Amino acid sequence: MFNRETWIEIAHTVTANPLRTALTGLSVGLGIFILVVMQGLGFGLQNGVQQDFGDEARNTVWVRTGTTTLPFRGRQPNRRVQMRNEDEQRITEQVIDAPAWSGRRMMWGSTVGYQSEQGNYPIVGVEPDFDDLELLPLMGGRWLHADDLAKESKVCVVGENLLDELFKQDEAIGAFVTLNGITFRVVGHFSKNGRWGNSMVYIPLTTMQRVFTGSDEVDQMVLSTGDLDLEGSTAMVEAVDGDLRLRHSVHPDDQRAVRVRDNQEEYAMFERIFTGIRLFIWIIGGFTLLAGAIGVANIMAIVVKERTVEIGVRKALGATSGSILSLIVIEAISLTLISGALGLIAGVATLNVVAPYAQHDYFANPEVNLRVTLTALVVLVVAGAISGLVPALRAVRIRPIEALRYE
Amino acid sequence: MLALRGIEKSYPLAGGTLPVLKGIDLNIDQGEMVAIMGSSGSGKSTLLNVLGLLDGFDVGSYTLGDVDMSGLSEKQGARYRSRFLGFVFQSFNLIAFKTALENVALPLFYQKVARRERQQRAMEMLGKMGMDDRADHLPSELSGGQKQRVAIARALITSPRVILADEPTGALDSTTSHEVMQVLREVNASGITVIIVTHEADIAAQCDRTIRLHDGVIIEDGRSGEVVEPTARGANTPD
Ligand SMILES: Nc1ncnc2c1ncn2[C@@H]1O[C@H](COP(=O)(O)OP(=O)(O)O)[C@@H](O)[C@H]1O
Ligand SMILES: [Mg+2]
């Protein structure tokens, strides 16, 4: 069945009608192409969002405050709500039972100097648990200790951008830098995946409050939800939210003054969105495949009809039904297989060309799901085989003479 | 060589059946050259197709050589066709995308002859038909007479015992017709039985024997010349 002669015959018939061959190829190739590209883009979107989440541990709750938008208890809107150390202390000791937490305060565009080099970097005051909450992989030295906070030490941990830009060849750990003119000692450095996170300089929150901001103000709080499920973390969010609104007289509906964001819930929301996107891609992909299969079936039906006389002649010349069937089916299979493979290659190539231009906060590394694509290819090839088989079976069942009478 | 006994065949029609062959008794000996004549619709092609194992029959018996051909499976039919029978059609029925040589070699493909030998034998056969210089031509590049020569070469390539030709000259002008008949007579002279369906009296006149069909029965059977006299259903009447 798969001998050289059959292939020569098939090569003959395939090249005998290039338009027909091209149309079959197009319907299959395009189907696979669209599927590959859509899968790739969907995957890229998911990658991007996941990467964005990768910055922060999933089981964290971020607490922020802002200005009020609603009057409440005789207070006018546009009042600034400021968290303080006492808020953090109360919340972590009395309101909730968080396994880890950190206050956070940031000074944008601070001047960092090392010897004759200097540059602008954000300085962030945090507490010892922060590296776990924000997922900061330490590359050398150490992270901030509880002792650093207690003693309000002038020590800092720097992102790897500073190593490149300030320290160059020098050893950073142990080196002295000036932060807005005040001397600190570098005790560690870290490297994050991508973006501006690597430009941060972390110092103890207590040191920042004493040396720079001169107060007990805290801008954000990061709380770990530990191994709480979504329900548990939601309860934690509500407790913190309620406490802050009560203490700072904020209207329950005021969305700006107190914002407590649960990463886990947000992640669950993205998960739902992605499930939707995946489903959408599957449905579109399914229809694309169906269209491709119908295209193949259609063309094979025409092919066989066109070749009814030829089939009759072949039978008169001694061909068995089996030999004719296998000829047509192998032809259908090789057509779909080759054009499907071309569509796959074109799709992968397109993604590879597009990928470098398509790096965005919410889009990264569009990839081809090979398993899905190969499944699709197999489906199409089987569809091609069946759609060749059905009209071919009808054609070979016609007695040769009826086929010859066809014209 | 060929023997039909009481062959009946009808085609299914919307409101029942259409009887086409209504009891055919016929013996054809090895080496005969026979014309089957009759007006259009009289059942000539149907008879030829039964003889050629291209079509079955409802009643009667058919022996080819010494073998009973009734109740053959499709596969057996294909084997006998390819071993004993060669076909020539009015519309040539060459495969359009194959060259003359490939068309002639095709029956050998179904006999599983090796490619090299196929081509060699096909080339020889084309040579006998005076067509070896056209071996690489596609059918569309050949004249009607040339196409029919290729078709005859294709029918002869498997060394059949019988050549069945349905109106082989029907699509040709009279000069070419006579050339093709000349070829078929040479084929016959080599001992091969030739059976030709035709409605042209001068074609039939070149055969040894003429059988005349009318409405599914044989009404005349005799030496050529005996039947060419103009009768009420004159052989010259075009149908
Ligand atoms: N496959 C078929 N189905 C139905 N009727 C057929 C079929 N083939 C032939 N016939 C009918 O059988 C009769 C004989 O046909 P045919 O043998 O082709 O006649 P001829 O070759 O003598 O012109 C005609 O009436 C024709 O219409
Ligand atoms: Mg006829």
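This is a predicted model: local features need pLDDT of at least 70, side-chain atom pairs count only at pLDDT 80 or more; totals for chains, interfaces and linings use all residues.
Figure 1. In the side chain of B:Thr46, an N or O atom lies 2.5 Å from an oxygen atom of ligand 1. B:Ser45 also contributes through its side chain, where a polar atom is 2.7 Å from an oxygen atom of the ligand. For B:Gly43, it is a polar backbone atom that is found 3.1 Å from an oxygen atom of ligand 1. The protein buries 71% of the 560 Å² that ligand 1 exposes when taken alone.

**Figure 2. The shell of residues around ligand 1, which lies between chains A and B.** Twelve residues surround the ligand, and the closest are B:Gly41, B:Gly43, B:Lys44, B:Ser45 and B:Thr46. By class, the shell comprises seven polar, three nonpolar and two charged residues. Both β2 and α1 of chain B supply at least two residues each. Helix α1(B) gives the most to this shell, with three residues.

**Figure 3. The open sheet of chain B.** Four strands are arranged in the order β2-β1-β4-β5, with antiparallel pairing. Strands β2 (16-28) and β5 (67-68) form the edges, each pairing on one side only. Helix α1, residues 44-51 of chain B, packs on the sheet and touches β1, β2 and β4. The direction of this helix makes about 120° with that of β1(B).

**Figure 4. The pairing of strands β1 and β4 in chain B.** Strand β1 covers residues 2-13 and strand β4 covers residues 59-64. The two strands run antiparallel and are joined by five bridges. Within this pairing, B:Leu2 stands opposite B:Leu64 of β4(B).

How values were computed. Residues are numbered from 1 along each chain as its sequence is written. Chains are lettered from A and ligands numbered from 1 in the order in which they are written. Side-chain values use heavy atoms; hydrogens and water are left out. Two strands pair if DSSP finds at least two bridges between them. Contact means heavy atoms within 4.5 Å. Axes are lines fitted to C-alpha atoms, for helices over the stretch in contact, and angles run from 0 to 180 degrees between N-to-C directions. A residue is near a molecule or strand if one of its heavy atoms lies within 4 Å of it. A polar contact is a pair of N or O atoms within 3.5 Å; within protein, one must be able to donate a hydrogen and the other to accept it, and residues adjacent in sequence count only if both atoms are side-chain atoms. Accessible areas come from the Shrake-Rupley method with a 1.4 Å probe; for residues, only the protein chains shown count as cover. Ala, Val, Leu, Ile, Met, Phe, Trp, Tyr, Cys and Pro count as nonpolar, Asp, Glu, Lys and Arg as charged, and the others, Gly among them, as polar.
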